[in-house]
Amino acid sequence: MTTIRQRKVGKGTEAAEDQPSEETNVKPDGKVLSDPAGGKLWNILSVTVGGIVAVSLGLLTSVYVATLHENDLWFSNIKEVEREISFRTECGLYYSYYKQMIQAASIQQGLHGLVYDNKTESVRTINILERMNVYQEVFLSILYRILPIQQYLEPVYFYIYTLFGLQAVYVIALYVTSWLLSGTWLSGLLAACWYITNRVDTTRVEFTIPLRENWALPFFAVQIAAITYLLRTHLQPVQERLTLIAVFIATFLFSLTWQFNQFMMLIQALALFILDCLDMLPTAKVTWLYIIQISGLLLVCVLQFFNSMILGSLLISFNVSVLIARTIQKNLKKGGLLNRLGKLILHVLLVLCLTLLINKFIKKILNLESDEHIFKFLKAKFGFGATRDFDANLYLCEEAFGLLPLNTFSRLSGTLLFYAYGFVLFLLTVAAVIVAFRNLRTKCNAVCVISSISGSNQVQLKEKMEEYTVTLKPDAAYSLVHTVLFGCLALSTMRMKYLWTSHMCVFASFGLCSSEVWKLILKCLHLYTSQRTQVIKYSIAIITLLYISFKFWPGIMDELSELREFYDPDTVELMNWIKSNTPNTAVFAGSMQLLAGVKLCTGRTLTNHPHYEDKNLRERTKQIYQIYAKRSPGDVYGILRSFGTDYVILEDSICYERRHSRGCRLRDLLDVANGHIMDGLGENEPDLKPSLYPRFCEEIKKNLPSYTAHFTRVFQNKTFHVYKLAKHK
């Protein structure tokens with residue numbers, strides 16, 4: 001078991017060009033003082049300073065997480081096998097393909113080995129580039145081979161420094177998004193500071209480096225920044241086209257680097273759909289975003305050798321359904337309140353039905369079952385019936401897929417982030433409801449009244465109406481719905497909180513530094529003036545930044561000075577034994593998490609692995625895990641040999657697991673799936689029966705003849721037991 005022990009001493013513009021500035025110099029008689037040259041110079045200076053601050057914060061964040069990683073593991077001092085073991089579970093599996101490409105005789109042979117891989121799943125040849133999102137490892141390995149850096153930088157450091165470098169991109173994208181929303185780079189500074197001080201809840205890159213989300217989320221943040229800019233009004237055609245290209249590139253890279261991209265973009269598409277229905281976003285731009293999502297995903301599908309899971313994604317079905325439904329219902333946004341509500345209800349039902357029909361049709365044609373475990377998990381999670389399905393229960397029992405713990409909010413409140421977020425969320429939600437209701441009502445009466453009045457009276461009436469009208473800009477409306485939907489996802493599934501908390505930093509900082517938010521509040525209190533709005537928004541931001549700095553700077557310095565080192569002697573001993581005492585062609589069975597490390601550290605062939613998005617692999621894993629169930633030695637031997645297994649690794653931490661409560665231990669999930677009564681005190685379902693055999697992983701250690709006839713123990717330490725399978729004719 002991996003542990004960490006204490007190290008031993010020894011060895012845009014301030015108010016962007018497309019938005020009206022609140023800071024207008026006004027004479028006492030009401031005339032505006034204009035200074036185009038001075039204003040332009042100030043904007044250039046502001047953009048320059050803001051840009052320098054953004055890049056500096058991004059680089060500092062990269063150095064910060066890299067230093068934490070080094071201090072936590074003493075990465076520069078430990079052996080290569082220890083470095084590789086530190087890439088736990090699926091992280092090790094992904095990194096193994098980077099290592100495989102680096103060690104290949106040529107780039108062509110490396111690619112051939114990935115396309116025709118027979119070591120990841122025994123007795124099967126699979127296409128890694130089709131099955132997994134590892135193009136980033138391929139690109140990085142090729143880059144390492146062609147750049148003249150081999151003598152100065154080890155492959156592992158090139159890999160981890162790239163991931164830490166992407167954190168700079170991530171922070172800069174969050175900074176820019178907040179800046180675009182609020183019109184001041186001070187908002188971006190606050191967002192970046194909140195991201196860093198809430199690191200425990202905003203990222204886990206320093207200890208899960210190769211995880212797919214650490215590659216993908218920086219590109220997702222860039223995409224959101226580009227969408228935020230796209231949704232601004234009065235963009236020039238050239239600006240709009242360039243922004244659409246940026247959105248497409250970011251969407252493509254996000255989709256290419258994470259297998260769960262389709263679910264995240266489905267939530268994004270839902271946000272666009274809601275706002276479009278309520279007439280809060282320009283329909284033409286929303287249509288382009290739907291098309292970009294579809295085209296980006298289809299391009300990834302082509303690169304992944306027409307991966308059927310992508311073609312059968314709900315995202316493609318939903319976006320196509322929306323475009324079809326919009327063509328059928330052309331007058332969706334015309335008529336009175338009740339008329340429009342009726343049309344909207346029909347529109348939503350039509351889109352829903354079309355989505356289900358198209359998705360069902362595609363899955364039927366492709367015979368697609370790769371993602372069925374996700375829907376089984378969701379069905380059980382949200383109370384639509386209990387399940388004995390092993391795969392669904394495996395997810396349900398993992399803490400990462402449970403509800404967001406309440407202590408998350410106490411940590412976020414400690415930096416004032418959650419308080420600020422709640423404050424801004426409440427205000428903008430109220431504004432959004434008012435705007436949505438107003439948009440659904442017919443605008444004819446107001447237009448007719450204004451048009452019937454002429455001259456200066458018409459201007460005065462229009463200004464008076466605008467003064468008492470609540471507004472919400474399209475980019476702010478998108479940010480609001482985005483944070484609400486991803487907040488719901490985070491609350492239901494803890495692992496997805498990193499998508500929410502990073503945007504929470506953006507949303508809260510934008511609200512505190514937004515002229516529109518403070519203008520709304522001051523108008524409600526009848527205290528509004530332009531100067532007062534500016535004073536409040538800058539004062540609040542500066543006070544918050546000072547509070548964060550004084551409270552958390554000492555803690556960050558202490559964290560950076562704390563030194564530990566990697567310590568996992570049992571796993572190191574196991575990997576060294578495998579490399580020294582087993583043939584290169586040997587096939588190993590065991591837990592998914594451990595086998596990923598076996599492949600990375602030793603290059604041996606596996607029976608199963610942690611990349612779970614394949615029905616055959618899920619069934620294979622359930623069969624391999626019978627080593628922890630109540631099965632006869634003959635049954636277990638037959639199962640293992642059917643997958644070509646030469647050695648099986650048993651872990652005491654699984655066989656005698658105490659981390660989970662009864663009913664969620666791996667052995668309990670297997671017992672229930674096999675129809676057997678669970679161990680220990682507690683209730684069992686009425687139809688469960690006692691097994692005819694004892695638990696395999698416990699009984700094999702007694703060296704009874706029925707077990708030694710099939711299995712011979714060849715390695716043992718405090719954590720692992722390795723058995724060699726007899727090769728009967």
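**Exercise 1. Disulfides**

How many disulfides does a search of the whole structure find? Locate each one and give its handedness.

*Solution.* The model is predicted: local features need pLDDT of at least 70, side-chain atom pairs count only at pLDDT 80 or more, and totals for chains, interfaces and linings use all residues. Residues are numbered from 1 along each chain as its sequence is written, and side-chain values use heavy atoms, with hydrogens and water left out.

Step 1. Apply the criterion: a disulfide is a pair of cysteine sulfur atoms within 2.5 Å. The search of the whole structure returns two disulfides.

Step 2. Take cysteine 397 and cysteine 664, which are joined with an S to S distance of 2.1 Å. This pair links distant parts of the chain, 267 residues apart: cysteine 397 is in the loop between helix 18 (390-396) and helix 19, and cysteine 664 is in the loop between helix 31 (652-655) and helix 32 (666-673). Helices are DSSP runs of H or I with at least four residues, strands are runs of E with at least two, and both are numbered from the N terminus. The torsion about the S-S bond of cysteine 397 and cysteine 664 is about -75°, so this disulfide is left-handed.

Step 3. Take cysteine 655 and cysteine 697, whose sulfur atoms are 2.0 Å apart. Here the S-S torsion is about 80°, so the disulfide is right-handed. Cysteine 655 lies in helix 31 and cysteine 697 in helix 33 (residues 696-699), so the pair ties together parts that are 42 residues apart in sequence.

Step 4. Number the bonded cysteines in sequence order; the pairing is then 1-3, 2-4.

**Exercise 2. Cysteine burial**

Classify cysteine 397 and cysteine 664 as buried, partly exposed or exposed. Then treat cysteine 505 and cysteine 513.

*Solution.* Step 1. Set the classes: buried is under 20% relative accessible area, exposed is over 50%, and partly exposed is in between (1.4 Å probe, protein chains only).

Step 1. Cysteine 397, at 12% relative accessibility, counts as buried, whereas cysteine 664, at 23%, counts as partly exposed.

Step 2. Cysteine 505 is in no disulfide, and the nearest cysteine sulfur, that of cysteine 193, is 10 Å away. Its relative accessible area is 0%, so cysteine 505 is buried. Cysteine 513 is also in no disulfide; for this residue the nearest cysteine sulfur, again that of cysteine 193, is 11 Å away. At 2% relative accessibility, cysteine 513 counts as buried.

**Exercise 3. Helix 19**

Which residues of helix 19 are buried, and what do they pack against?

*Solution.* Step 1. Within helix 19 (residues 407-414), the buried residues are Thr408, Phe409, Leu412 and Ser413. Seen down the helix axis, they fall within an arc of 135°, so they line one face of helix 19. The arc is that of the directions from the helix axis to the C-beta atoms.

Step 1. With contact meaning heavy atoms within 4.5 Å, these buried residues pack against helix 9 (199-202), helix 20 (417-440), helix 23 (474-492) and helix 24 (497-512).

**Exercise 4. Strand 7**

In which sense does strand 5 pair with strand 7, parallel or antiparallel?

*Solution.* Step 1. Two strands pair if DSSP finds at least two bridges between them. Strand 5 (residues 647-651) and strand 7 are antiparallel, with five bridges; isoleucine 649 stands opposite valine 722 of strand 7.

Step 1. Strand 6 (residues 711-716) also runs antiparallel to strand 7 over five bridges. Phenylalanine 711 has leucine 725 in strand 7 as its bridge partner. Three residues separate strand 6 and strand 7, which form a hairpin.

Step 2. Of the six residues of strand 7 (residues 720-725), five are buried.
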